[in-house]
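Morning, everyone. Please look at the model on the screen, and I will take you through salt bridges and the core.

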Amino acid sequence: SKKFVSGEEFLFLGRYYKLKIVDNQDLPLKFDNIYFYISRRVLPDAKEHFIKWYKKKAYEKISERVTLHAQEGKFKYNKIKISNAEKRW
């Protein structure tokens, strides 16, 4: 389990990125392709902020691929839903 401390590494798209805790930041969690930055004020809820961020990024990446394959296969889809995968498909 994660501790959400400076220097801890988080996996994103096959690479690990270090976390930096910052004091002056508008967004709770930011990523700049070098580091994850989390605001000190949201540390008690850090896990939830990471889950929300990962879900958003997953939706973006998966939507791109689904749209591409739908166009190639000439089919339509209704929606894409990102869940916590607590149950099997």
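I start with the ground rules, then the charged pairs, then the core.

This is a predicted model, with local features needing pLDDT of at least 70 and side-chain atom pairs pLDDT 80 or more, while totals for chains, interfaces and linings use all residues. Numbering runs from 1 along each chain as its sequence is written, and side-chain values use heavy atoms, without hydrogens or water.

How many salt bridges are there? Two, where a salt bridge is a side-chain nitrogen of Lys or Arg within 4 Å of a carboxyl oxygen of Asp or Glu.

Take arginine 40 and aspartate 23: N to O is 2.6 Å. Arginine 40 sits in the loop between β4 (35-39) and α1 (46-73), and aspartate 23 in the loop between β2 (15-22) and β3 (29-31), so the pair ties together parts 17 residues apart in sequence. Helices here are DSSP runs of H or I, at least four residues; strands are runs of E, at least two; both are numbered from the N terminus.

Buried or exposed? Aspartate 23 is exposed, at 53%. Arginine 40 is partly exposed, at 45%. The scale is relative accessible area: buried under 20%, exposed over 50%, partly exposed in between, with a 1.4 Å probe and protein chains only.

The other pair is lysine 57 with glutamate 60, at 3.5 Å. Both lie in helix α1, three residues apart, about one turn.

Now the core. The largest nonpolar core has 14 residues, meaning buried Ala, Val, Leu, Ile, Met, Phe, Trp, Tyr and Cys joined through side-chain atoms within 4.5 Å. Leu19, Phe36, Ile38 and Phe50 have the most contacts inside it.
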